[in-house]
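Have a look at it first, and then follow along.

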Amino acid sequence: MLKKYVFIHFLLIPFFAFSQPHSIILGRPTDTSMTASILYESSQEFYLEWGTQNNNFPFQSIHFTPTRGVPMEIDIRNLVPNTRYFYRVQSKVNNTFQPSPTYSFITARQRGSTYSFTIEADEHLYDIKGVGNLYNITLANQAADNPDFMLSLGDIFGDDHYPNTITSGELDTLHKYYRPYLGRVCHSIPFYVCLGNHEGENDYYLSRNPPNNLAVWGTQWRQFYYPNPFPNSFYSGNTNSEPFGIGQPENYYAWNWGDALFVVLDVYRDQCDTSAKPQGWDWSLCAPQYNWLLNTLQNSQAKYKFV
């Protein structure tokens with residue numbers, strides 16, 4: 001079942017305070033694993049525990065002590081496909097571990113399964129077009145659908161409005177800004193990023209005085225806060241490795257879930273967007289991504305295909 005959530009654009013208001021000592025963004029779900037990006041604003045010891053029954057957690061991670069303000073990506077592995085898991089975070093407070101609420105997620109569905117997923121687009125909370133309390137309503141409506149995962153179609157972080165003067169620190173703030181919002185629901189709904197033009201991650205900016213530019217910094221901070229897929233045994237996608245600590249940019253990818261193939265594209269990178277103000281066909285897939293897409297579609301036996 002497909003539902004698309006698009007914002008009504010109003011005046012920006014300050015975001016709410018997060019009630020937990022951490023924010024959790026799930027990402028990169030597969031048939032046997034899940035990645036949890038956990039961000040603490042203090043250096044307190046914690047661990048994860050999980051299982052297939054609510055309030056019964058026979059499996060535990062090792063103990064972690066995070067750096068304040070630095071997300072830790074923790075891979076929960078050796079899971080069973082098509083299975084609902086329950087988990088919680090145990091945080092050490094005054095020498096006593098205190099549990100978070102119980103969260104949950106499901107591993108990749110088998111063929112023939114019925115499920116829902118959600119799509120949102122053009123969040124724009126960084127400018128006068130977006131309003132925080134309406135975004136909270138949007139997220140709550142998505143959570144009420146109990147989706148297996150959610151996707152954003154871009155124009156999330158708003159990096160390109162001041163492309164020649166924006167700093168890495170400002171890009172850090174723009175990307176981190178969404179953590180309290182998404183943390184309200186994405187502890188139990190894996191989150192995928194599809195890049196929009198306002199993310200600023202395009203070839204034109206990548207070529208400007210690297211690595212000190214909008215596109216490099218934007219990519220680095222996106223990867224820092226949000227675990228997007230990269231090619232492995234479950235996902236296919238962009239295998240190119242970029243310099244400046246980026247590695248695989250996690251910008252286009254595909255995966256199967258139940259009877260459906262999902263394909264996320266990027267028309268801004270990899271020789272796609274080489275002018276300051278692209279027009280018409282200047283935005284395209286370009287040969288490497290086009291060939292990957294062609295191969296992905298031709299070799300897919302999925303009943304449904306979402307691109």
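**Entry 1: a histidine in a loop**

I started with His 198, which I found in the loop between β12 (191-193) and α4 (203-206). A reminder to myself: this is a predicted model. Is His 198 buried or exposed? Its relative accessibility came out at 17%, and the cut-off for buried is under 20%, so I put His 198 down as buried.

Next I looked up what His 198 touches, leaving out residues up to four places away in sequence. My list reads His 124, Tyr 126, Asp 155, Gly 158, Asp 159, Asp 160 and His 161.

**Entry 2: strand β10**

I then turned to β10 (117-121). This strand is mostly covered, with five of its five residues buried. I checked which way the side chains go: Phe 117, Ile 119 and Ala 121 point one way, while Thr 118 and Glu 120 point the other way.

Which strand did I find joined to β10 by three bridges? It is β11 (residues 150-152), and the two run parallel. Within this pair, I noted Ile 119 opposite Leu 151 of β11.

**Entry 3: the largest pocket**

I looked up the largest pocket and wrote down a volume of about 320 Å³. It is lined by 18 residues, and the closest to its centre are Leu 153, Cys 194, Val 263, Val 264 and Val 307. Two elements give two or more residues to this lining, namely β10 and β15 (260-264). Of the elements, β15 gives the most, with three residues.

**Entry 4: helix α2**

For α2 (residues 168-176), I listed the buried residues as Leu 171, Leu 174 and His 175. Why do I say that they line one face of the helix? Looking down the axis of α2, I see the buried residues fall within an arc of 95°, so they line one face. I also asked what they pack against, and found α3 (179-182) and α5 (214-225).

**Entry 5: a three-stranded sheet**

My last stop was an open sheet of three strands, in the order β2-β3-β6 and with antiparallel pairing. At the edges stand β2 (22-27) and β6 (72-76); each has a single partner strand, so one side of each is left without a neighbour in the sheet. From one strand to the next, the twist averages 25°.

I took a second look at β3 (residues 34-40), which five bridges join to the antiparallel β6. Here I marked Thr 35, standing opposite Asp 75 in β6.

Definitions and conventions
Residues numbered from 1 in each chain as written. Predicted model: local features only at pLDDT ≥ 70, side-chain atom pairs only at ≥ 80, totals over all residues. Heavy atoms only, no water. Pairing = 2+ DSSP bridges. Helix = DSSP H or I, 4+ residues; strand = E, 2+ residues; numbered from the N terminus. Axes fitted to C-alpha atoms, helices over the stretch in contact; angles between N-to-C directions. Buried < 20%, exposed > 50% of the residue type's maximum accessible area, 1.4 Å probe, protein only. Arc of directions from axis to C-beta. Contact = heavy atoms within 4.5 Å. 1 Å grid on protein atoms, 1.4 Å probe; cavity = no way out; pocket = protein on both sides within 12 Å on 5 of 7 lines; lining within 4 Å. Points joined across faces, edges and corners; volume = space filled by probe spheres on them.
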